[in-house]
Every structure is written in structure tokens, then in C-alpha cells.
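Thanks for coming, everyone. I would like to walk through one model with you, going from the overall layout down to local packing.

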Amino acid sequence: MKLFNTLTQSLEEFVPLDDTVRIYVCGITPYDTTHLGHAFTYVSFDTLIRYLEYSGYKVRYVQNVTDIDDDVLRKAREIGMEWDELGRRETARFLRDMDALNVRRPDVYAKATDEIPNIITIVQALVASGYAYESEGCVFYSVKQDPDFGALARAIGLCDYTSMLKVANEHGNYPDDKRKRDALDFVLWQAQAPGEPAWDSPWGPGRPGWHIECSAMSMHYLGEQLDIHGGGGDLVFPHHACESAQSEHYTGKVPFSRFWAHTGMVYKDSEKMSKSLGNLILIGNLLKEYSADTIRIVLQSHHYREPWECCTEDFKVAQETEEMLQRVRFLVGRNASGEDSMLRNRFKAAMDNDMDTPSALNLLGEAAEEALAQHDTCVGAEVLHLTTVLGLCV
Ligand SMILES: [Zn+2]
């Protein structure tokens with residue numbers, strides 16, 4: 001299978017380190033409801049994992065929940081709820097939405113707050129090796145100590161310090177924090193602020209910074225090197241660049257992840273779907289109107305790396321595809337078997353080409369039409385078999 005690697009900006013032959021593919025995908029920050037952008041990311045990686053397994057690999061999949069974070073604490077204060085209760089509520093809601101979309105749960109679903117001892121161990125090692133420094137109860141990663149910092153940023157065109165700083169600041173890097181030596185330095189351990197929850201550490205009470213949890217969790221459950229690290233496209237910088245830098249200097253193993261895979265952003269009315277713009281399409285609402293298969297078909301009819309604009313026409317087309325597949329199911333029945341190696345090979349060729357689900361769906365649609373026209377239960381059975389690889393439940 002060829003997979004696009006964000007780090008090298010090229011299609012590369014995907015071969016795992018050993019017979020088990022180790023994959024880590026950044027999870028949610030549980031303070032708001034799940035929207036179509038989340039669904040695009042998690043359905044895309046769910047499809048990738050299903051396809052890797054179909055191709056004969058074993059897969060170990062880890063995803064995190066950022067259950068302690070500025071956003072969680074702010075939202076909890078706003079609505080007068082305990083931060084951990086808010087986290088549990090929104091995590092449960094996310095899992096319910098993903099279950100409804102037939103997204104299989106990861107092998108490990110890890111919470112940042114369960115990872116504090118491992119986080120502290122890594123931060124201590126980074127301080128000892130000079131890549132991080134303590135300042136007034138906080139610990140920061142020192143970007144100037146790391147000439148390799150930002151390989152992922154350069155890969156996506158953020159080639160100099162100024163452009164990196166601009167994007168980092170848009171993602172909560174607090175450039176004016178007087179405790180930092182350099183504006184681009186990022187926090188590994190955050191000193192306790194009044195009224196905030198805290199854990200004991202060698203630097204006093206505090207909580208982990210955003211990026212460090214993913215290094216700690218992925219290494220804990222998957223080892224020091226990953227085969228695939230995934231997430232939404234907005235995480236490449238700073239989140240994944242920071243994760244990569246701290247992980248590689250902690251383990252000495254480069255690269256931290258052999259493949260970096262990112263999903264495109266979903267737009268609504270020409271704007272990126274985001275909480276701050278208030279243009280979210282919530283999964284809970286979509287599920288009241290459409291079946292899980294319809295929603296999955298909409299998502300898979302867009303290539304996972306491409307940004308796309310959500311429109312109602314997409315849902316209409318997906319419903320037509322779903323209805324056609326249901327007619328194939330009626331033709332074939334539940335127990336019929338059949339194989340069409342040509343269709344199977346063409347499906348695999350599409351999926352082996354950087355998981356080209358739009359082409360794979362087109363193939364299945366054409367074959368379904370043919371099966372219905374010819375009353376061909378053999379082709380029909382093959383179509384239905386391949387829809388299961390895409391996680392559809394026709
Ligand atoms: Zn992450």
C-alpha cells in the first residue's frame with residue numbers, strides 16, 4: 001500500500017516495523033460536542049485500520065483523550081460544572097457518536113490524567129539532557145536547543161522561525177509568557193494556577209502541557225517508534241512538531257513516527273468548521289436525519305487528505321448509493337457468497353493508492369448497478385463483501 005507521509009510530502013510504500021502496525025491518532029478534548037470534522041478524521045482512520053487488517057496486518061490502535069486542558073477548564077467554569085465531570089460527559093457523548101457511525105473503538109483509549117507519572121518521567125529526562133528548563137514551577141521545551149525542531153512545520157511550508165511562531169500563537173502557545181526564554185518555547189509542565197486542579201511533580205504542583213501527553217501515551221502503549229501517527233490536518237504544527245521533537249530527544253530514536261497521516265479540514269459556507277465560528281454540523285443532529293451508512297458514504301466520498309465543503313447534495317447522492325446497495329442486499333440475501341476477483345483487485349488497487357475511498361466507492365457503485373441490471377448475485381455478493389471493508393453495514 002502506498003501512503004502519503006506528511007513529513008516527506010510524498011507517497012511512500014507502507015511497510016510496518018514488524019507484523020503489527022502501531023498506530024496512534026490524536027483524540028478529542030472533551031469540552032464540546034462531536035462535529036463532522038471529527039467524524040471525518042475518525043472515520044478515515046477507522047477505514048484505514050479496517051483496510052490494513054483486510055490486507056493481512058495486525059493493528060494496534062491507541063487514541064487519547066485530552067481530559068485536562070485550558071479549554072476543558074474554561075468551559076467547566078462557564079457552565080458551572082466540575083472539569084472532570086464535563087470530561088466524562090463529553091467523552092461518553094463522543095464515544096456514543098462514534099459507535100453510532102460504526103467507528104470501532106481503539107485498543108487503548110487513554111486519558112491524559114492517567115498518564116501523569118510517565119509524563120513527569122519524560123519531562124525530567126528532557127530537563128536533564130538540556131532540551132527543557134524549569135521556570136517558576138513550569139517546564140518549557142527549549143526550541144533554540146534543538147536545531148532540528150520543526151521538520152514537520154517545514155514540510156508544510158512553515159520554513160522560518162517567524163512563520164512557525166505565528167501559527168503556534170494561533171494555537172495557544174502564549175508568546176508573551178515571561179517565564180519563557182523564547183517565544184516559540186512550549187510548555188511541558190504547567191505550574192498550578194489559582195483554583196485549577198494540580199498533580200505533584202518535582203517542579204511543584206501543576207498539570208501537563210498539551211503536547212507531552214501524546215508522547216507519553218503513545219510510548220506507553222505502542223513503544224518508542226510508531227508506524228503511523230495520525231490526526232486532523234490542523235495538528236501538524238505546532239502539536240505534532242512538538243510531539244515529535246520531545247519524543248525523539250527523549251528516546252534518541254528518529255523518526256518518532258515513520259508515517260505522519262493527516263486528514264483535510266471540513267468547511268461549511270466557505271469557512272473551516274470550528275467551534276469559534278459557530279458553524280458546526282453536529283454528529284448527533286446528523287444521525288437524527290441520516291443513517292450511519294449515509295454519513296460514512298459522504299465522508300468516504302472525499303479523499304481523506306483533501307479539504308472539502310459540506311453540502312446537502314453530498315447527502316442526497318450518498319443516500320442514493322445506500323439505497324442501491326440495499327437493493328443489492330435484497331438481490332443477494334444474507335447468506336449468499338460469491339467472488340469477483342477482478343472487482344476485488346480493482347478495489348484493492350484504489351485503496352492501495354493512498355486509500356482512495358472515492359474511487360473505491362465509485363467502483364462499488366458501478367458494480368452494484370451492473371449486479372442489479374444482470375441479476376448477478378456473484379458480483380452482488382462481492383460488492384457487499386467489500387462494503388464491509390469500508391465499515392458499511394448494508
Ligand atoms: Zn496529540
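**Domains, a helix pair and a hairpin**

The chain is divided into domain 1 (14-267) and domain 2 (311-389), with bounds that come from an automatic or database domain assignment. Please keep in mind that this is a predicted model, in which local features need pLDDT of at least 70, side-chain atom pairs count only at pLDDT 80 or more, and totals for chains, interfaces and linings use all residues. Residues are numbered from 1 along each chain as its sequence is written, and side-chain values use heavy atoms, with hydrogens and water left out.

Taken over C-alpha atoms, the centres of domain 1 and domain 2 are separated by 37 Å, and their contact (heavy atoms within 4.5 Å) takes six residues from domain 1 and eleven residues from domain 2.

Turning to helices, which are DSSP runs of H or I with at least four residues, numbered from the N terminus, as are strands (E, at least two), the axes of α12 (residues 341-352) and α14 (residues 377-389) come within 9 Å and cross at roughly 25°; axes here are lines fitted to C-alpha atoms, for helices over the stretch in contact, with angles from 0 to 180 degrees between N-to-C directions. That crossing angle makes α12 roughly parallel to α14, a term for angles under 35 degrees. On the α12 side the contact is made by L343, R344 and F347, and on the α14 side by V379, E382, V383, H385, L386 and V389.

Finally, strands β1 (residues 2-5) and β2 (residues 10-13) run antiparallel and are joined by four bridges, where pairing requires at least two bridges found by DSSP. K2 has E13 in β2 as its bridge partner, and in the hairpin, with four residues between the strands, Q9 takes a positive phi near 55°.

Conventions. Angles under 35 degrees count as roughly parallel, over 145 as roughly antiparallel, 65 to 115 as roughly perpendicular and the rest as oblique.
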